[in-house]
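Biologist: I'm new to this one and would like a hand reading it. Could you show me the model and walk me through its features?

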Amino acid sequence: MTKKLIFMKGQEFIQKILSGERDFANIELEQDFDLSGYEGFDELQTYLKNADLEEKPLIVENSKFRQLDADGLYLPFLKANNANFKHGTFMSANFESAQFKNADFRYARLAQVNMKNSNLENSDLRQADLYLSSLIGTILTGADFSGASLQFTNMQAADVKGIKNLGLARFVETTNFQFADLTEKEKSVIRRELWAQQGKKRRLFGGSG
């Protein structure tokens with residue numbers, strides 16, 4: 001049985017974080033909340049940058065943040081498994097070492113986002129914009145990239161085994177797969193995208209392509 005979500009206004013969400021609260025599992029934030037445009041955003045950023053988020057991470061598992069505008073948000077080590085970020089805007093946000101298993105990022109704007117060493121296993125990234133994003137060392141097993149924009153996305157040393165619909169993503173030929181953990185299935189998709197650019201194969205596969 002699905003647990004009922006607790007509705008929360010954006011201002012209350014920020015105030016609770018600033019007061020030291022960390023557990024926001026099973027909440028539904030007001031839709032279309034402009035977090036990065038909120039007057040207390042700079043204070044929030046300073047607070048988060050001075051907090052020990054590795055020891056006491058923010059938890060938003062099973063929560064809904066649809067159409068949240070949070071460009072530039074600093075929130076590494078976030079625990080957001082099964083969270084819904086559909087249509088959200090997170091350009092240049094820092095989500096390094098975060099947990100996003102089964103998260104919904106459909107249509108999200110993730111340009112230049114830092115998801116280095118994160119876990120996006122089985123996440124839904126259909127139609128997401130990952131322009132210049134960093135997925136270095138990230139687990140992407142089972143993640144769905146159908147229609148996603150991977151223009152200059154960095155997947156160096158990422159676990160790409162079992163990734164879904166890579167062949168339906170856009171700009172795969174510009175993506176950095178150097179030293180990525182790949183099966184022949186993923187390699188065949190990438191080779192096909194690079195068919196007219198033979199010189200890139202060896203570099204993108206770390207010399208094993």
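Biologist: Which residues form a nonpolar patch on the surface?

Modeller: First, some ground rules. This is a predicted model, so local features need pLDDT of at least 70 and side-chain atom pairs count only at pLDDT 80 or more, while totals for chains, interfaces and linings use all residues. Residues are numbered from 1 along each chain as its sequence is written, and side-chain values use heavy atoms, with hydrogens and water left out. A patch is made of residues with over 30% relative accessible area and no salt bridge, where nonpolar side chains (Val, Leu, Ile, Met, Phe, Trp, Tyr) are joined within 5 Å and like charges within 9 Å. Here the patch is Y131, L132 and F152, and together they have about 270 Å² of accessible area (Shrake-Rupley method, 1.4 Å probe, with only the protein chains shown counting as cover for residues).

Biologist: Is F152 buried or exposed, or something in between?

Modeller: Buried means under 20% relative accessible area, exposed means over 50%, and partly exposed is in between (1.4 Å probe, protein chains only). F152 has 44% relative accessibility, so it counts as partly exposed. You'll find F152 in the loop between α2 and α3. Those labels come from DSSP runs numbered from the N terminus: helices are H or I with at least four residues, strands are E with at least two.

Biologist: Now the inside. Which residues have the most contacts within the largest nonpolar core?

Modeller: In soluble globular proteins, nonpolar side chains tend to be buried together. A nonpolar core is a set of buried Ala, Val, Leu, Ile, Met, Phe, Trp, Tyr and Cys residues joined through side-chain atoms within 4.5 Å. The largest one here has 58 residues, and F95, F100, F105, L110 and F145 have the most contacts inside it. The elements that give two or more residues to this core are α1 (10–18), β2 (27–29), α2 and α3.

Biologist: And what does L110 touch?

Modeller: Contact means heavy atoms within 4.5 Å. Not counting residues up to four places away in sequence, L110 touches F90, F105, M115, L125, A128, D129, L130, Y131 and S133. Y131 is also one of the patch residues.

Biologist: How should I read a helix? Which residues of α2 are buried?

Modeller: An α-helix has 3.6 residues a turn, so residues three or four places apart point the same way. In α2, the buried residues are F41, L44, Q45 and L48. They lie on the same side of α2 because they cover an arc of only 100 degrees around the axis (the arc is that of the directions from the helix axis to the C-beta atoms). These buried residues of α2 pack against α1. Turned away from that buried side are the exposed residues D42, E43 and N50.

Biologist: What about α3: which residues are buried there?

Modeller: In α3, those are E186, K187, V189 and I190. Their arc is only 160 degrees around the axis, so they sit on the same side of α3. Exposed on the other side are E184, K185 and R192. K187 counts as buried because its relative accessible area is 12%.

Biologist: On to charges. How many salt bridges are there?

Modeller: A salt bridge is a side-chain nitrogen of Lys or Arg within 4 Å of a carboxyl oxygen of Asp or Glu. By that rule the count is 10. One of them joins K16 and E12, with the closest N and O atoms 3.9 Å apart. K16 and E12 both lie in α1, 4 residues apart, or about one turn of the helix. K16 also meets E21 in a salt bridge, at 3.7 Å from N to O.

Biologist: Which residues do shared partners join into one network?

Modeller: Start with D124 and R126, which form a salt bridge with the closest N and O atoms 2.6 Å apart. Salt bridges that share partners join D104, R106, D124, R126 and D144 into one network. D124 is buried, with a relative accessible area of 14%, whereas R126 is partly exposed at 34%.
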